[in-house]
Amino acid sequence: MDSLKEATQDFFGVLGDQQRNLLENHLKQRMVQRQGECVLQVVLDVTHACLLSCRGCGVAAKGATLKRKTQRNPELSTDRLVWILGEIRDAAHAWGYSRVSLHLGGGEPFLRKDMPELIRTSADLFGSESISVDTNGCTVSTDELAEIMQHVQVVGISLDGLEEYHNWWRQPPKGMNAFRKATGLLSDAAQLPFGPEKLEVSLVPTKKNIAEIPGLMELVYRLGVRKFSVHRAMPVGRFLDQLDLLPDAKDYLIILTAMLNVNERLGMAIHIHHSIESIYSSLLLGLDSFAPTVIRNPERFSSLGIDPIGRVYFDPWCMARPLSRFDIGSLEDGKTRLTQLLEQTEKWHRRFIPESRCFGCQIRCSGGSRIGAALALLEHQLGRSAMARGNFTIELLLDAMSAVDPVCPLYKAQSKTVPTNHTQH
Ligand code: SF4
Ligand code: SF4
């Protein structure tokens, strides 16, 4: 435990007293928010089509034009998606979850004409306080948002930096300024009755946009937005072509402390991806982020992914390459029950969860992202191109899920070796 304390001190020792206080207070507040019920988290991607072609898109979305805004899309029909929503409700009930938290994502969800209907149905089933939806802000109108915001808790609008960076990263179609579209929408939507309460700007960090984050926070605050979050960049989808831009553990600490500094003046509701905040909470505050009641309870399947053709995944990050072939089954036929598919999920989860979440240390810690940990290890063991091509089996993936997450302060080169006997079969 002494070496654990030393490593923690080394990592967080770069912070001055004031920064450390800000960080600790932020983590305490976030962990309190996240304690409580046993929640089944589901990411339901309703399409993988998008107008934009972001360089690091986690699902490698592409191929849409505005003309595709039609219900005749090649993915699941409205009826099938409504049926899947019912399956999620039934499965949560059967497996003893007290609540479902549903994230409707994509691709660009609002390319589907039936999005308002899907959102209303979701809110009827799970309660509007349990629904969030993402958009790139280039398709949906302010009027549509006004209607939608009555039925959701959060509308996430993506901005990845200031104008030049955002447009470079997002690769909009010729003639479209994606940054101006999204900021124009934010400016209008922030004036709506639920705007300040429900709009959230979220950013995917890379090594190139870290310095722009404080300026972007100032800008969106001036537009009237009061929520800001930083997502996690993961080596999946098109980010596999940008691996040199993946932020590392130190980068995330710089990002979060910079956000906290600027937020001293702004007073927004801010956070960084839960995989990072939970590790920091365990290391810095000694809090148990492995507890069964923490959201994304690691001891059970707690964050499912369902892709636009109905395939179900034990982790939403698996919906794109190199992991998309590891689905646990499909709901596409309208007959397979989600409750049964979850039995497979549970078996897999039991395979990769030893006493503590990863072999890096014994503290009660969420372990961050097990997929992030596994892909970093597989890259190290197999080489970058074999990892990116998905040249590994499900067995190897499950074994690698006990590695140390590269965003953990304890991650270092020698921790990339997986002990051969660590898995609990
Ligand atoms: S806007 Fe979102 S879904 Fe579309 S390409 Fe970018 S990251 Fe992917
Ligand atoms: S991610 Fe693993 S090594 Fe890091 S603090 Fe959590 S349990 Fe320990």
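A60 lies in the loop between β2 (49-50) and β3 (62-63). In this predicted model, the phi of A60 is near 55°, a positive value in a residue other than glycine. Most residues other than glycine have a negative phi, and most peptide bonds are trans. A60 has 21 C-beta neighbours inside 10 Å and therefore counts as buried, the threshold being 20 or more.

A60 is also among the contacts of A320. A320 sits in the loop between β11 and β12. A320 and A61 are separated by 259 residues in sequence, yet their C-alpha atoms are 9.4 Å apart in space.

The loop between β11 (311-313) and β12 (329-330) also holds P322. The peptide bond joining R321 and P322 is cis, with omega about 10°. A cis bond also runs from G106 to G107, where omega is near 20°. G107 belongs to the loop between β4 (99-105) and α4 (115-126).

A positive phi is found at Q171 as well, at about 45°, although Q171 is not a glycine. Q171 is placed in the loop between α6 and α7. With 14 other C-beta atoms within 10 Å, Q171 is partly exposed.

Helix α7 covers residues 178-189. Its 12 residues should span 16 Å at 1.5 Å a residue, and the end C-alpha atoms are 16 Å apart, so expectation and model agree. The buried residues of α7 are A178, F179, A182, T183, L185, L186 and A189. Seen down the axis of α7, these residues fall within an arc of 155° and so line one face of the helix. Their packing partners include helices and strands. The helices are α5 (142-148), α6 (163-170), α8 (195-198) and α9 (213-222). The strands are β6 (154-158) and β7 (199-203).

Helix α9, one of the elements against which the buried residues of α7 pack, also packs with helix α10 (residues 249-266). The angle between α9 and α10 is about 35°, and their axes are 9 Å apart. The crossing is right-handed. On the α9 side, the contact involves I213, P214, M217, E218 and Y221. These meet I255, A258, M259, V262 and L266 of α10.

Across the protein chain, there are 15 helices and 12 strands. Of its 425 residues, 48% count as buried. Among contacts with a separation of 6 or more, 74% join residues 24 or more positions apart.

The average pLDDT is 89, and 88% of the residues score at least 70. Over residues 294-299, however, the pLDDT is below 50. That stretch has 22 contacts in the model beyond near neighbours in sequence. Residues 419-425 likewise stay under 50 in pLDDT. For residues 419-425, the model has 10 contacts beyond four places in sequence.

Methods:
Residues numbered from 1 in each chain as written. Chains lettered and ligands numbered in written order. Predicted model: local features only at pLDDT ≥ 70, side-chain atom pairs only at ≥ 80, totals over all residues. Helix = DSSP H or I, 4+ residues; strand = E, 2+ residues; numbered from the N terminus. Expected span 1.5 Å × (residues − 1). Buried ≥ 20, exposed ≤ 12 C-beta atoms within 10 Å, placed from the backbone. Arc of directions from axis to C-beta. Contact = placed C-beta atoms within 7 Å. pLDDT = per-residue confidence, 0-100. Axes fitted to C-alpha atoms, helices over the stretch in contact; angles between N-to-C directions. Left-handed = near helix turned anticlockwise from the far one by under 90°.
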